[in-house]
Structure formats: structure tokens, C-alpha cells
Amino acid sequence: MSQPVVGHLDPFFFEVSEQIRSWLGYVYSTHNEFNLAISGTGSSGMEAAVANFAEPGQKFALLTNGFFGERIGEMAKRQGANVVRLEKEWGRALDPQESREFIRRERPRVVAFVQAETSTGVYNQAKPICEAAHEVDALVIADCVTSLGTMPVMVDENGIDIAYSCTQKGLSCPPGLAPITVSPRALERRRARQSTIPSWYLDLLLLDTYFEGHRYHHTASATMFYALREGLALIVEEGLEARWERHRSNHLAFVAGVEAMGLRMHVPEGERMWALNTPRVPEGIDEPKLRQYLLKERGIEISGGFGPLAGQVFRIGTMGQGSTAENVLLILRELEAALRLQGYHPAGDAAAAAEQTLSAPPAAK
């Protein structure tokens with residue numbers, strides 16, 4: 001990011017953006033040609049996906065089990081779409097059969113869901129949703145904000161039509177860009193749209209004239225593109241499968257540690273993300289006070305729950321370049337010490353349990 005800043009129409013800028021487009025195909029596991037990084041945070045990717053494909057009066061099926069699913073629904077309402085909802089409690093994954101039946105019954109034009117719900121730590125299976133959506137000729141929008149670069153997104157294999165993410169989570173870059181990929185099927189639908197989308201800035205066809213046609217659209221930050229290119233280069237160097245395995249291994253070690261302490265995870269086994277962990281707050285623990293202590297005294301920031309999970313869970317990231325065995329052991333030791341300060345007595349040795357899991361062969365985990 002300290003390299004000289006070039007202009008937003010400079011040939012070198014487009015050289016960098018073309019490398020990004022290619023590597024986004026790799027991390028999304030897709031052969032889509034329409035891959036680009038929108039100038040804006042992950043929420044701009046969400047709004048671009050919704051604004052381009054949700055139309056006034058048309059049925060928009062929202063499968064939601066957390067805060068960011070609700071945000072998609074709010075955006076769709078503002079586009080004038082007829083939003084129909086399938087809700088699941090915060091902390092449980094979407095049920096595949098229930099999702100299929102809902103989509104087949106409602107026959108929407110668009111289906112949207114969050115693959116990795118950052119507010120709860122839940123990972124939702126994409127394939128059942130996509131299969132049912134395609135049966136009724138619906139497009140599928142998937143929020144991959146916390147899954148991209150940490151878990152298998154598998155856009156092509158799952159049949160996701162539009163996927164978006166952010167740069168500051170699994171890609172380990174500063175916030176400020178929203179990587180998005182669009183399938184040929186969805187692109188054809190977008191080009192056939194008769195109504196003008198309300199957002200000029202997030203119109204994907206206009207953005208494509210900039211990145212593909214090199215025609216001025218907006219002043220993109222070369223510095224942010226440098227950062228994203230480097231973050232993607234690190235993923236390519238490590239290898240996507242190796243990166244997934246690193247996140248899975250460190251997640252399992254973290255879970256083993258918190259359970260050894262006597263804490264329990266909010267999300268059931270088999271439905272958990274690998275990059276965002278949500279252990280339940282033990283009874284009698286002042287959750288904001290504990291987080292404040294960790295931040296001010298130990299220089300470690302963890303998050304709390306919000307919405308219906310406020311005060312009930314910790315949200316602890318093990319993602320991107322921060323997902324290391326050393327960091328897992330560090331947060332377990334510091335969390336244990338912070339809990340002891342409030343009178344909590346751990347049941348067992350968290351670090352020992354985590355180390356045992358880390359040393360186990362992959363097939364045994």
C-alpha cells in the first residue's frame with residue numbers, strides 16, 4: 001500500500017485490476033468472467049447484488065437466520081421488491097428440506113441467503129437452496145462476506161448466481177472494496193432487465209464498462225487495489241484447500257479449548273463457521289466488562305453478540321492471516337484469565353486441549 005499511487009485510468013491500475021479479476025475467480029471457485037471489486041465496503045457488494053436483481057413488485061425470497069440476512073431483506077424492500085421470508089432462529093442453520101419446500105412453494109424471481117452469518121457463527125449449505133431456486137428459474141444471491149477465503153464457497157459447484165464479499169475478513173486486507181462475481185445466467189438476466197436500477201453508482205453494467213472497457217466511471221483507489229491484489233496473492237501462494245484446512249484446524253482447536261474450560265458453543269457442531277466462533281457467555285459474567293478488559297489491558301479485541309444474542313455470546317474471529325495456532329492459544333489463555341478475574345473457575349486446561357487437537361492428524365479431527 002506504500003507504493004506510488006497511479007491514476008484510476010492508468011494502464012498499471014487496469015493491470016492490477018485484471019489480476020484481481022482472475023484471482024477472484026480462483027478464490028470464489030468459479031469460471032465466471034464477470035468478477036470485479038466494487039469501490040465500497042462489503043455492504044456495497046450486498047446493495048449492488050440486491051439493487052441489480054431485485055425489481056419492484058417481483059417476489060424476492062429471503063432465507064434469514066441472523067443480522068445480515070435481515071439487512072439483505074431491508075435492502076430488497078427499499079428496491080420495492082415483494083419480500084417473502086423463511087426465518088430460522090439465530091444460531092441454527094437453514095434446514096435444506098425446509099428451504100427447498102419454501103422456494104418451490106413461493107416460486108420467487110430471486111432467492112437470497114447468507115452463507116456464513118457473521119452475527120451468529122452459522123454456516124448455511126448453499127447447494128440445496130440453489131438447486132431449488134434453479135428449478136423455479138430464480139437467481140441466487142449469496143452473502144460470502146465471512147466465508148470467502150476461509151471456507152469452501154464453491155460458486156460453480158453450488159450453483160450460486162451472484163456472490164459478494166468484503167476485503168477485511170478472510171482476505172486479510174483493509175476494508176474498502178467488495179469483491180463480487182456474477183454468473184453468465186445472472187448477467188443475461190441483468191442485461192434483459194427493462195427497468196432502470198435506482199442506483200447509478202452500483203449499476204453492474206456501468207461498472208463493467210469501467211473495468212472491462214476502461215471508460216471512466218468513478219475514481220477508484222489504486223492503494224486499495226494494491227492491497228487486495230497482495231491479499232489474493234497470499235491465498236494463491238498458500239493454496240485454497242490448504243487455507244481452508246488451516247481455518248478448520250484452528251477452529252477445532254479453539255472449540256476444544258473453550259469446551260475444556262466448561263464453556264459451550266452457541267452453534268451446534270456441523271453448522272459452525274471456521275472463521276467466527278460464538279461461545280456462550282457463562283452465567284454471572286459481565287460480558288462488556290470482560291471485552292473491555294481484554295481490549296484495554298491485553299490489547300485483544302473480541303466482539304459481543306447483538307440483536308437477540310446481545311450479552312449471550314462472544315464473537316471471536318480466527319480468520320485470514322490471523323488464523324494461526326499461536327493466536328488460538330493466545331486468546332484461550334487470555335480469555336481464561338479474564339474469566340477468572342470475574343470469579344469463573346474453568347473446568348479444565350484450555351490450552352492443553354487445543355494443543356492436543358492441533359497435534360492430531362487431519363483425519364482424526
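Student: How many cavities of 30 Å³ or more does a search of the whole structure find?

Tutor: Rolling a probe the size of a water molecule over the atoms shows where empty space is left. On a 1 Å grid over the protein atoms alone, a cavity is a set of points where a 1.4 Å probe fits but cannot get out, and its lining residues have an atom within 4 Å of a point. In this structure the search finds one cavity of 30 Å³ or more, and the largest cavity holds about 50 Å³ of space, a volume being the space filled by probe spheres set on grid points joined across faces, edges and corners. This is a predicted model, in which local features need pLDDT of at least 70 and side-chain atom pairs count only at pLDDT 80 or more, while totals for chains, interfaces and linings use all residues. Residues are numbered from 1 along each chain as its sequence is written, and side-chain values use heavy atoms, with hydrogens and water left out.

Student: Which residues line the largest cavity?

Tutor: The lining consists of Asn52, Phe53, Glu55, Gln58, Arg109, Leu139, Arg189, Arg190 and Arg193. Helix H2 (42-53) and helix H7 (184-192) are the elements that give two or more residues to this lining, helices being DSSP runs of H or I with at least four residues, numbered from the N terminus.

Student: At what angle do helix H10 and helix H13 pack?

Tutor: Axes are lines fitted to C-alpha atoms over the stretch in contact, and angles run from 0 to 180 degrees between N-to-C directions. Here H10 (residues 240-261) and H13 (residues 350-359) pack at about 150°, with their axes 7 Å apart. That makes H10 roughly antiparallel to H13, a term for angles over 145 degrees.

Methods: On a 1 Å grid over the protein atoms alone, a cavity is a set of points where a 1.4 Å probe fits but cannot get out, and a pocket is an open set with protein on both sides within 12 Å along at least five of seven lines; lining residues have an atom within 4 Å of a point. Angles under 35 degrees count as roughly parallel, over 145 as roughly antiparallel, 65 to 115 as roughly perpendicular and the rest as oblique.
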